[in-house]
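The entries go by topic.

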Amino acid sequence: MIQVKNIYKSFDNSDILKEIDTAFNRGQTNLIIGQSGSGKTVLLKCLLGLYDVDSGEIIYDGISSKNMNHDDKLEISRKMGMVFQGSALFDSMNVLENVRFPLDMLTTIQENEKNEKAMKVIERVNLKDAIKKLPSELSGGMQKRVAIARAIVMNPKYLFCDEPNSGLDPKTAIVIDQLIQEITKEYNITTIINSHDMNSVIEIGENIVFLKEGYKIWQGTNKEILNSGNDEVEDFVYSSELLKKLKK
Amino acid sequence: MIKISFTKTCKKEILYKQIFKEINDLVLDSIQIVSILSFFIGGVVSIQMALNLENPLLSKTLIGFATRQSVILEFAPTFISIIMAGKVGSYITSSIGTMRVTEQIDALEVMGINSLNYLVFPKIIAMLLYPFVITISMFLGIIGGLLAMTLTGVPSEAYIQGIQMDFDSYHITYSYIKTLVFAFILATVPSFHGYYMKGGALDVGKASTKSFYWTSIIIIILNYIVTQLLLS
């Protein structure tokens, strides 16, 4: 579980995150949603430790980010897995090497054990037949699955996904969403997904945090969001004319 | 950047692998172009020397002497380094820059890996072999001069005598000191421009151009300073 307590973050005197107070639950797919520029990515990067917050604290299963030294941050970061928007796979490495990479860099286990662990997660994301392929030879959906496999190969406690289905067709996007949700349950991890895709929100949003202009406006589940009673949330959810008509 | 790249090192076997990869990409892959350039420019230098030493009172051995001095003191260490700023420098900037824009560097950082150590340190170590490339350049430059003189009709004995004339081994030392300084610049300045770049694919190209510009300028200025310190 990750608790966020009253955090603020600004860049060049411009406040990006203000009074953010929330919690992301373990074993659930937690979604951060909002329009572009609402502070979603900055919040995700603060949670990842890539940005330090100006004030407030982030608590990772009881461990506060306050007064953390570099080694403590490193310790926490090694419990994290991240799926980047563009997958961020290493171009010169094939699928197996990409997935094995964190094991090669951060563990001292035997070669065959590394291969076993990597193959296990590759099979989990249904890419067994593509292990020798380079990222450039994979489709967008396959690249995302490799990125997910690489993110979970170290058995992380926290999984972060930045727009995991951007650039994918709706059907593949749902497959990726469901895969992330299944992995969250199987590995019992705290998954935080940054998204503005309403399909994802409805499909897997067990805990949704809605941001607007750096503030947390609303928090609830996918069942509650369709009737949130909050004008700003409804404005976001029913942004298209078709959805507005359907609502009526 | 340099300080961080030398601290919190990755596992030794990973670094060795990266260093060998960089030796291949930065040093061994440069030998072909350096060889071709050096051979032909050595030939051109000797022809121009011959053209300027037409006075029958001047010995033909001076052609070999002047070619050797030009190649060893200036052409091989400095001008090959400027060319390398284009070849190796733009490769370093664009490869690291592409990793930056495609979030691969962020991925390394999130994994808790010192990305500067993983990406920059092996390049600095690999470039310690750069004097090997310059040695080939010196040798082929002088050989190119010999061939050009033979084709021009200047006796090869005179040229060979010239390249042995008044040989001062300190000039070789000076040349290698310069080469090592330039090797460090060739590894670090392009890495800096790639690592700290911002933007998208177009900005990778801009960063490569900027990196070539600054690497060349720094090499030329350091060439003057090192020469002033070691030869004046």
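**Conventions.** I am working with a predicted model, in which local features need pLDDT of at least 70, side-chain atom pairs count only at pLDDT 80 or more, and totals for chains, interfaces and linings use all residues. Residues are numbered from 1 along each chain as its sequence is written, while chains are lettered from A and ligands numbered from 1 in the order in which they are written.

**Chain B overall.** I looked up the elements of chain B and found 11 helices and zero strands. Helices (H or I, at least four residues) and strands (E, at least two) are DSSP runs, numbered from the N terminus. Along the principal axes, the C-alpha atoms of chain B fill a box of roughly 70 × 35 × 30 Å. I noted that 45% of the 232 residues of chain B count as buried. A residue is buried if 20 or more other C-beta atoms lie within 10 Å of its own, exposed if 12 or fewer, and partly exposed in between, with C-beta atoms placed from the backbone.

**Helix H2 of chain B.** I checked the length of H2(B), residues 12-27: at 1.5 Å a residue its 16 residues should span 22 Å, and the end C-alpha atoms are 21 Å apart, which agrees. The expected span is 1.5 Å times one less than the number of residues. Which residues of H2(B) are buried? They are B:Glu22, B:Leu26 and B:Val27. These cover an arc of only 85 degrees around the axis, so they sit on the same side of H2(B). The arc is that of the directions from the helix axis to the C-beta atoms. On the face turned away from the buried side I found the exposed residues B:Glu13, B:Tyr16, B:Phe20 and B:Asn24.

**Sheet in chain A.** I traced an open sheet of four strands, ordered E2-E1-E4-E5, with antiparallel pairing. Two strands pair if DSSP finds at least two bridges between them. Strand E4 (residues 55-60) of chain A is joined to E5(A) by two bridges, and A:Tyr60 has A:Ile63 as its bridge partner in E5(A).

**Core.** The largest nonpolar core has 121 residues, and A:Ile148, A:Ala149 and A:Phe160 have the most contacts inside it. Such a core is a set of buried Ala, Val, Leu, Ile, Met, Phe, Trp, Tyr and Cys residues joined through C-beta atoms within 7 Å. Helix H4 (residues 61-101) of chain B gives the largest share of this core, 14 residues.
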